[in-house]
Amino acid sequence: MSSSKLSEEELMELEQLAQKLYERSIILNYKAKEEKVYQKEGKHKADDVKEEIPVSQEEIVVKEETKNETPQENTGEIQFDFSGDMAFTTEEPKTETIDEKIEEKIAPMAKSINSSELNDTEKGFLKQFTLTYQEVAKDKINNAKLSSLKSAFGLNDRMLFIRELFNGNSDLFNQTMEELDQFTEHESAFSVISKIAVQHNWDKEADSTNEFIHIISRKYVG
């Protein structure tokens, strides 16, 4: 180099060293700027930051060639490969809510039933329930009016009525109490209960039946 005369091999070697030195200086400059940015933001640089690999002349040529290629239009849609054997269906799985299950168990109990719609067996229950109501209405001192049937039953009575009158179905019992709480007079409420009594084969003479109607009657006394 002192004589300014270099062979072809020495010139190529010098060119390669200059290229590596240039690439290394770019990396060091980038790291220095990166450290300053992280210091300003109060962040700590991760220990596992990877060094950038110097790009060779061949890779630069390839990248330049790919820039000239027409980029594929991005429509924002996700592309799926359906060339395999896997089959897909667009039918959504049917979900069933808890309320729907309860309604299915309770049907065909209606919110409001006219006594004229009852059959003879149901009218027999309605007549007996009406007599119980009249007895409760006469003795208002010992039969205070209930504001709601949801909290009218103790634990023991609740379990007894669910077991003997509602076939062990607590959902049906709870929904029936909600329905009856919506009525303001006894005839509509007892029409509903009369249908339930026939559906679940209540015994008119059973103590559980009489006790249940006695409590229900207190909801509608004046």
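Which residues does Ser188 touch, not counting residues up to four places away in sequence? Hello everyone, let's start there. Ser188 touches Ile113 and Phe183, where touching, or contact, means heavy atoms within 4.5 Å. Ser188 has its place in helix 7. With a relative accessible area of 15%, Ser188 is buried; buried means under 20%, exposed means over 50%, and partly exposed is in between, with a 1.4 Å probe and protein chains only.

Before we go on, a word on what we are looking at. This is a predicted model, in which local features need pLDDT of at least 70 and side-chain atom pairs count only at pLDDT 80 or more, while totals for chains, interfaces and linings use all residues. Residues are numbered from 1 along each chain as its sequence is written, and side-chain values use heavy atoms, with hydrogens and water left out.

How confident is the predictor? pLDDT is its confidence in each residue, from 0 to 100. The chain has a mean pLDDT of 75, and 63% of its residues reach 70 or more. Over residues 44-53 the pLDDT is below 50, and this stretch has 8 contacts in the model beyond near neighbours in sequence. Residues 98-110 also have pLDDT below 50, with 18 contacts in the model beyond near neighbours in sequence. Where pLDDT is low, the predicted coordinates should not be read in detail.

Now the overall picture. The chain has 8 helices and 0 strands; these are DSSP runs, with helices being H or I of at least four residues and strands being E of at least two, numbered from the N terminus. Of the 222 residues in the chain, 26% are buried. Among contacts between residues at least 6 apart in sequence, 76% join residues at least 24 apart. The accessible surface of the chain is about 17,300 Å², and 50% of it belongs to carbon and sulfur atoms; that area comes from the Shrake-Rupley method with a 1.4 Å probe, and for residues only the protein chains shown count as cover.

Let's go inside. A nonpolar core is a set of buried Ala, Val, Leu, Ile, Met, Phe, Trp, Tyr and Cys residues joined through side-chain atoms within 4.5 Å. The largest one has 33 residues, of which Leu180, Ile193, Trp202, Phe212 and Ile216 touch the most other members. Two or more residues come from each of helix 4, helix 5, helix 6, helix 7 and helix 8 (207-217). Helix 7 gives the most to this core, with 6 residues. Take Ile216: leaving aside its neighbours within four places in sequence, Ile216 is in contact with Leu149, Phe153, Met177, Leu180, Phe190 and Ile193.

Next, the aromatic rings. Rings of Phe, Tyr and Trp (its six-membered ring) pair if their centres lie within 6.5 Å; planes under 30 degrees apart count as stacked, over 60 as edge-to-face and the rest as tilted. By this rule there are 13 aromatic pairs. Tyr133 and Phe190 are an edge-to-face pair because their ring centres are 6.3 Å apart and their planes are at 75°. This pair links distant parts of the chain, with Tyr133 in helix 4 (residues 120-138) and Phe190 in helix 7 (residues 186-199), 57 residues apart. Both Tyr133 and Phe190 are buried. Another edge-to-face pair is Phe153 and Phe173, at 5.4 Å centre to centre and 70° between the planes. Here Phe153 is in the loop between helix 4 and helix 5 (155-165), and Phe173 is in helix 6 (residues 170-181). Phe173 is buried, with a relative accessible area of 0%, and Phe153 is buried at 11%.

What about the segment after helix 8? Arg218 has its place there. Arg218 is partly exposed, with a relative accessible area of 22%. Arg218 and Tyr133 are 85 residues apart in sequence, and 7.8 Å apart in space, C-alpha to C-alpha.

Finally, two asparagines in loops. Asn167 lies in the loop between helix 5 and helix 6, and has a positive phi of about 55° although it is not a glycine. Asn167 is exposed, with a relative accessible area of 54%. Asn201 lies in the loop between helix 7 and helix 8, and its phi is near 55°, a positive value in a residue other than glycine. Asn201 is exposed, with a relative accessible area of 68%.

Technical notes:
pLDDT = per-residue confidence, 0-100.
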